[in-house]
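Subject: Structure handed over, with notes

Dear colleague,

My notes on it follow.

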Amino acid sequence: MAKVVGYIRVSTKEQKLDRQLEEMINLGIPEKYIYKDKQSGKNFDREGYLYMKKALEPGDTIVIKELDRIGRNQAELKKEWEYFKNNDINVRVLNMPALNIDYSDETYKPLLKMINNIIFEIMSWKAEDERKTIRSRQAEGIAIAKKNNVKFGRPRIEITDEFKREVKRWKTNEITATEAMKNCNIKKTSFYKLVKELDKHI
């Protein structure tokens, strides 16, 4: 029996899926059939998406809120679209009623394919264009931040007097390296890196 599944996605782990999930549940889709990802849409190497694709059978329907929830890479998106068409998998895009495909009616099948292909080309281009715009804005923001001397990444751990003292105690066998790391609240990798840097100046 054909089933209806939902696919929801946000781009980062910090973002929430709540609104998309609620919308799918309100449509009557059981939560066990709602596949989720918290990952960028630049490619399709996503756990939830791949699980969904593996579970799909001819006649099934995928429901998504917007086309870019599936992905933003136009070339890859076209491949996925062809896969769905060739396997008679329906795709329902909630914010684009014209993309709600139904291949069950053979009379309208060629016309539906033609119309949806045209709309899909436009929407997939728009999805990738938006992705490029986002990346461009991010690059501009980073450039401005660097110009204003904003530092990125983790703050550099400095060699303090306390660190020097604990290293000396470690080297004279008063304490173990593990105790020295604990006393300085420094992880193993950072500890030995700083020790190496300290030794250069002795």
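Among contacts (heavy atoms within 4.5 Å) in the protein between residues at least 6 apart in sequence, 61% join residues at least 24 apart. This is a predicted model, in which local features need pLDDT of at least 70 and side-chain atom pairs count only at pLDDT 80 or more, while totals for chains, interfaces and linings use all residues. Residues are numbered from 1 along each chain as its sequence is written, and side-chain values use heavy atoms, with hydrogens and water left out.

Overall layout

The protein has seven helices and four strands; these are DSSP runs numbered from the N terminus, with helices being H or I of at least four residues and strands E of at least two. Along the sequence the pattern reads β-α-β-α-β-α-β-α-α-α-α. Of the 202 residues, 36% are buried (under 20% relative accessible area, with exposed over 50% and partly exposed in between, for a 1.4 Å probe and protein chains only).

Nonpolar cores

In soluble globular proteins, nonpolar side chains tend to be buried together. A nonpolar core is taken here as a set of buried Ala, Val, Leu, Ile, Met, Phe, Trp, Tyr and Cys residues joined through side-chain atoms within 4.5 Å. The largest one has 18 residues, and Met 52, Ile 62, Ile 64 and Phe 84 touch the most other members. At least two residues of this core come from each of strand 1, helix 2, strand 3 (61-64), helix 3 (74-86) and strand 4 (90-93). Helix 3 gives the most, with three residues. Leaving aside neighbours within four places in sequence, Phe 84 is in contact with Tyr 49, Leu 56, Ile 62, Ile 70, Ile 89 and Val 91. Another core lies apart from this one and has twelve residues, including Phe 163, Ile 175, Met 181 and Phe 191.

Aromatic pairs and charges over rings

Rings of Phe, Tyr and Trp (its six-membered ring) pair if their centres lie within 6.5 Å; planes under 30 degrees apart count as stacked, over 60 as edge-to-face and the rest as tilted. The count by this rule is seven aromatic pairs. One of them is Tyr 7 with Tyr 49, edge-to-face, at 5.5 Å centre to centre and 80° between the planes. Tyr 7 belongs to strand 1 (residues 4-10) and Tyr 49 to helix 2 (residues 47-55), so this pair ties together parts 42 residues apart in sequence. Tyr 7 is buried at 0% relative accessibility, and Tyr 49 is buried at 1%.

Phe 191 and Tyr 192 have ring centres 5.3 Å apart and planes at 80°, so they too are edge-to-face. Phe 191 is buried at 0% relative accessibility, whereas Tyr 192 is partly exposed at 36%.

A charge sits over a ring if NZ of Lys or CZ of Arg is within 6 Å of the ring centre and within 35 degrees of the ring normal. Arg 46 lies over the face of Tyr 49, 5.4 Å from the ring centre. The charged end of Lys 53 is over the ring of Tyr 83, 4.4 Å from its centre.

Helix packing

Axes are lines fitted to C-alpha atoms, for helices over the stretch in contact, with angles from 0 to 180 degrees between N-to-C directions. Helix 5 (residues 161-171) and helix 7 (residues 188-200) pack at about 90°, with axes 11 Å apart. They are therefore roughly perpendicular (65 to 115 degrees; under 35 is roughly parallel, over 145 roughly antiparallel and the rest oblique). Residues in this contact include Phe 163, Val 167 and Trp 170 of helix 5 and Phe 191, Tyr 192 and Leu 198 of helix 7.

Helix 6 (residues 177-184) packs against helix 7 at about 100°, with axes 10 Å apart. That makes helix 6 roughly perpendicular to helix 7. Ala 177, Ala 180 and Met 181 of helix 6 meet Lys 188, Phe 191 and Tyr 192 of helix 7.

Loops

Most residues other than glycine have a negative phi. Asn 173, in the loop between helix 5 and helix 6, has a positive phi near 65° and is exposed at 69% relative accessibility. Asn 185, in the loop between helix 6 and helix 7, has a positive phi of about 55° and is exposed at 71%.

Regards
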